[in-house]
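Work through the exercises below with the sequence and the model in view. Try each task before reading its solution.

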Amino acid sequence: MKYTSALVTGGAGFIGSHLVDALVSKRVKVYVIDDLSSGQISNLNPNAHFTKLSVNSPAFVEYLKKVKPEVIFHLAAQINVRVSVEDPVKDAQVNIMGSLYLLKTAAEIGVKKIIFSSSGGVMYPQTARMPYSEKIFPEPISPYGISKRTTEMYLAFAYQTYGLRYVALRYANVYGPRQNAKGEAGVISMFATAMLAGKPVQINGTGKQTRDFVNVEDVVRANLLAAQKNVVGEFNIGTGKETDVNTVFRKLAKLTGYKLPERHGAAAVGEVMRSALDARKAKELLGWVPAVKFDDGLKKTAEWFRKQK
Ligand code: NAD
């Protein structure tokens, strides 16, 4: 499908700002809304049309009716699992109600397609066989995971009822330049920032817990393909490979010149021990395969964080 205008919600954030760059370079007219709760103006491409707005506001509905984008990439979200456990209402207000305002209005104004940033890491039961495929019945346990699955279900409803097309991309652990290193962001951005500052880094528990790290460039490409291809539904976006946290620590220590000894603290409560996604459906129907090798992506990310110092 061809389109000349797109809205990126959460476009001042980590993944959103990279997506905005890619859309601008494809000469798409790009609108961005973001409430800047974790995103930053400095991430934003100067050619994007930015408005500071919350997805969970009546003003957002009015904005959509005025702008009428052809495609919406919906990334704005409360992304912290722990916050969602402490305040499920706040999580639902942004992640569920914000998404509902968006899709109901999108149907009214004739948006061609919504590409939703969902999560694979919180979607599948830990008892299932890894790497997790989309065939496994979702059983999210955190309010954050529940809000992502709920939005997917509303999107399926809007497709059935109004014919509003959608793709939900269930990302693995995304990493790359511009990832926020505060709070409970990705382990790579947190380790890289601390190591470059020479601050002691502590690994949670044994460090043998694994994650499926997918580079932000690959995630952006998945979004572009999802908008372009004539497909609807849920797709895992991951590499299928597991990397443990100790390996991330050692590789980053080398890249950043970090010399302090490896230190382990208590295991994080409720942390899953293993995670990896099977993305064969994305390969078959979107023509998507991850292209960035982990070592290359890690090097580029460490270099970016070094420049930020
Ligand atoms: P991010 O925090 O950098 O981006 C989220 C953006 O949304 C931020 O710019 C923030 O300011 C904005 N935002 C938050 N609440 C808002 C609101 N009410 N109205 C408008 N804007 C609001 O995080 P990210 O890693 O770039 O995540 C982007 C999307 O991808 C999110 O939906 C997230 O759940 C999803 N995701 C990310 C990962 C990952 O590993 N980073 C994994 C799975 C899914």
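Two strands pair if DSSP finds at least two bridges between them. Helices (H or I, at least four residues) and strands (E, at least two) are DSSP runs, numbered from the N terminus. The model is predicted: local features need pLDDT of at least 70, side-chain atom pairs count only at pLDDT 80 or more, and totals for chains, interfaces and linings use all residues. Residues are numbered from 1 along each chain as its sequence is written, and side-chain values use heavy atoms, leaving out hydrogens and water.

**Exercise 1.** Find how many bridges join strand β5 to strand β6.

Solution. Take β5 at residues 113–119 and β6 at residues 165–171. Seven bridges join them, and the two run parallel. As one example, Ile 114 has Tyr 166 as its bridge partner in β6.

**Exercise 2.** Give the strand order of the open sheet and identify its edges.

Solution. Seven strands line up as β3-β2-β1-β4-β5-β6-β11, with parallel pairing. β3 (49–52) and β11 (233–237) each have a single partner strand, so one side of each lacks a neighbour in the sheet.

**Exercise 3.** Is Ser 17 buried or exposed? State what it touches.

Solution. First, locate Ser 17 in helix α1 (residues 14–25). Next, apply the cut-offs: buried is under 20% relative accessible area, exposed over 50%, partly exposed in between (1.4 Å probe, protein chains only). Ser 17 has 1% relative accessibility, so it counts as buried. Then list contacts (heavy atoms within 4.5 Å). Leaving out residues up to four places away in sequence, Ser 17 touches Gly 11, Asn 43 and Arg 178.
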